[in-house]
Amino acid sequence: MKLLRFILLMLLPFSVFAHEGEPHGEEAPATAPSTQYFSTEAISDKYELLLKYEHLHPGETSVLRLFVSEYATNRAIDSASIQVTSPELPGNKYAVRRLDKGIYEIKGIFPAAKAYSFNVNINSSLGPDLIQLKGIEAGKELPHDEEVADEKAGIAGIWLGVIGLVAGLLIMFLIMRFSQRKVNKQFVFFFMLMLFIPLNHLQVNAHGGEDHAHDDAGGSGTGSFSTQFTIPKETQFLFNVITEQMRTGNVAGSVKLNGTIIPSSNGQALIQTPQTGKIISLSVRVGQQVQKGQVLAVVEQNLDAATQVNLLTERNNVEAEYEAAKKNYERLKSIQDIAAKKDVAEAEARYQKALANKKLLDNVLSGSSGSSKITLRSPIAGIVGNFSFAVGSTVNAGEDIFSITNLDKVYVEARVFSKDAAGMQSGGKYMVESTTDPQKKAEVKLLSKAQTIDPTNQTQLVLFEMTNPAGAFKIGEFVNVRVFSDEPTRDLAVPNSAISELNGKPIVFIKDQAERYSISYITAGDNNGNVTVIETGVEEGERVVTNATYQVKMIYLNQ
């Protein structure tokens, strides 16, 4: 008898829900009726029409809203010429007025409470078309919330009954399995009695600080296991939800290489002083654009006593030689009529050499203090980098004072592993993309194939040249180099912007109807940086969301 009571308890239908922190909404069928408006839609190879309206009072002027979009892309059709007639009312005229981009208002009278249809003659940049909208029911009342709730409760009761029956059969099977004896008549009587117990169910809910989502405007709440959800047409136009109709096409295969931006041959210069000294003037500031040969700084060289003595001695020798050469040249010049031309020429050459040596020494030495000034000039045109020296600072010989960088042209050094070597050899086009910003891309030119191999990991170093006038790519930045093959393959591919993730798995959003979307888990193939080959999950002809994917994902999660 205790065993029968236990079975009786197990067969009572109840639901226990325990959750912590996750948003959730009330379960509802995907086709739950809207409590705010009626709608009907129609499509052609060019246009998608959606008509929304509330209760239409027979004999009174009614207002309906028509949403016009391109079928393949879901773009709102603006400035379209639209004429609306009804085959049931040949003499009636319906006024059409543009409200917003892709949204038009239709006004007219429906004399009787019955079903009507519209013939929509539309002409826009896509071309003319004639589309019929059916099922416009005048006089029909919108369903109330109570009716929708009763319908949901009825469906839930049916499911609970099925679950209770399956659970009872399973328990009876287990008891028979382990007891190794037949069930007596009393047991069968109690079991049959359980099948006729009213299916009242008890819900025990344990909550842990989570947010509760509500049904959307159309009344179609989405549960945890639902893959379909609703996006009102107004929201689609607001977020610019764009789709692309999938077609099999040529997809260029690619090999991805890891690369680093490095300066070009004349792309970076380190400014150093050849002698230890003190900075006495700075002519530039950080971030300033400088030209080749422009004065950057002046460094005064400080000399010790021994060096000063040597320099002064050398100065005296140079000046003495200069004076002697000058006097000899002037003397021979005054008697050049009787002097030998050879002697005059030698005296002139000696004088010019002494003069050049004197000028050179004067440039090295300044005054009688025994110090010399070194002028530092920019060897290239570019931007002045950071430096930590101020006027009066002492710098050592060979120490970097600052750098000049020119990003108009940079090199990309990429590493090629052995498995990618074959794809590298057959490459016809090369693209560089940033690892942090996929939108930052540029085409590069192969400058030099591998000449050396890194002994640590046996990778080949390949050098590319990239024109970078805006300075978008910086020296030292990590990038990906895409090597595109000359021989494309025919595959079904979607733009990378269409792919999102849900629970760690790649998904795309597919537009099924005017306001109905669904998620599809995909198996992704090769990715060439622009598009990804889809192996499973998307069929040809389906419309996949390619723009505003993040907003669509948030709408799905909130429902």
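Helices (H or I, at least four residues) and strands (E, at least two) are DSSP runs, numbered from the N terminus. With that settled, here is the model. It is predicted, so local features need pLDDT of at least 70 and side-chain atom pairs count only at pLDDT 80 or more, while totals for chains, interfaces and linings use all residues. Residues are numbered from 1 along each chain as its sequence is written, and side-chain values use heavy atoms, with hydrogens and water left out.

First, the chain as a whole. The secondary structure of the protein chain comes to eight helices and 35 strands. Of its 559 residues, 38% are buried; buried means under 20% relative accessible area, exposed over 50%, and partly exposed in between, with a 1.4 Å probe and protein chains only. The accessible surface is about 32,100 Å², and carbon and sulfur atoms hold 53% of that. Those areas come from the Shrake-Rupley method with a 1.4 Å probe, and for residues only the protein chains shown count as cover. Among contacts with a separation of 6 or more, 73% are between residues 24 or more positions apart. Contact here means heavy atoms within 4.5 Å.

Now to Glu515. Where does Glu515 sit? Its place is the loop between β31 and β32. Glu515 is buried, at a relative accessible area of 10%. What joins its side chain to that of Lys52? A polar contact of 2.5 Å does, and another polar contact, of 3.0 Å, joins the side chains of Glu515 and Tyr37. A polar contact is a pair of N or O atoms within 3.5 Å; within protein, one must be able to donate a hydrogen and the other to accept it, and residues adjacent in sequence count only if both atoms are side-chain atoms. Leaving out residues up to four places away in sequence, Glu515 also touches others, including Leu50, Phe229, Pro232, Lys233 and Gln236.

In α8, residues 549–558, the buried residues are Thr549, Val552, Lys553, Ile555 and Tyr556. Why do they line one face of the helix? Seen down the axis of α8, they fall within an arc of 160°, so one face is what they line. The arc is that of the directions from the helix axis to the C-beta atoms. On the other side of α8, Tyr550 and Asn558 are exposed. The cover over the buried residues includes β31 (505–511), β32 (516–521), β35 (543–547) and α4 (233–239).

Ala548 is not a glycine, yet it has a positive phi of about 65°. Ala548 is buried, with a relative accessible area of 11%. Asn74 is another non-glycine residue with a positive phi, near 65°. Asn74 lies in the loop between β4 and β5 (81–86) and is buried at 2%.

Val241 touches both of those residues, and among its other contacts are Tyr517, Val545 and Val552, not counting residues up to four places away in sequence. Val241 is in the loop between α4 and β12 (242–245) and is buried, with a relative accessible area of 3%. The C-alpha atoms of Val241 and Arg75 are separated by 7.7 Å, although the two are 166 residues apart along the chain.

Next, Leu66, in strand β4, residues 61–70. Is Leu66 buried or exposed? Leu66 is buried, at a relative accessible area of 0%. Setting aside neighbours within four places in sequence, its contacts include Leu49, Leu51, Ile82, Ile103, Tyr104, Val120 and Leu133.

Last, the rings. Rings of Phe, Tyr and Trp (its six-membered ring) pair if their centres lie within 6.5 Å; planes under 30 degrees apart count as stacked, over 60 as edge-to-face and the rest as tilted. By this rule there are 13 aromatic pairs. The rings of Phe110 and Tyr116 have centres 5.2 Å apart and planes at 55°, so that pair is tilted. Phe110 is buried at 0% relative accessibility, and Tyr116 is buried at 2%.

Lys440 lies over the face of Phe473, at 5.1 Å from the ring centre. Lys358 lies over the face of Tyr322, at 5.8 Å.

Notes: Lys NZ or Arg CZ within 6 Å of the ring centre and 35° of its normal.
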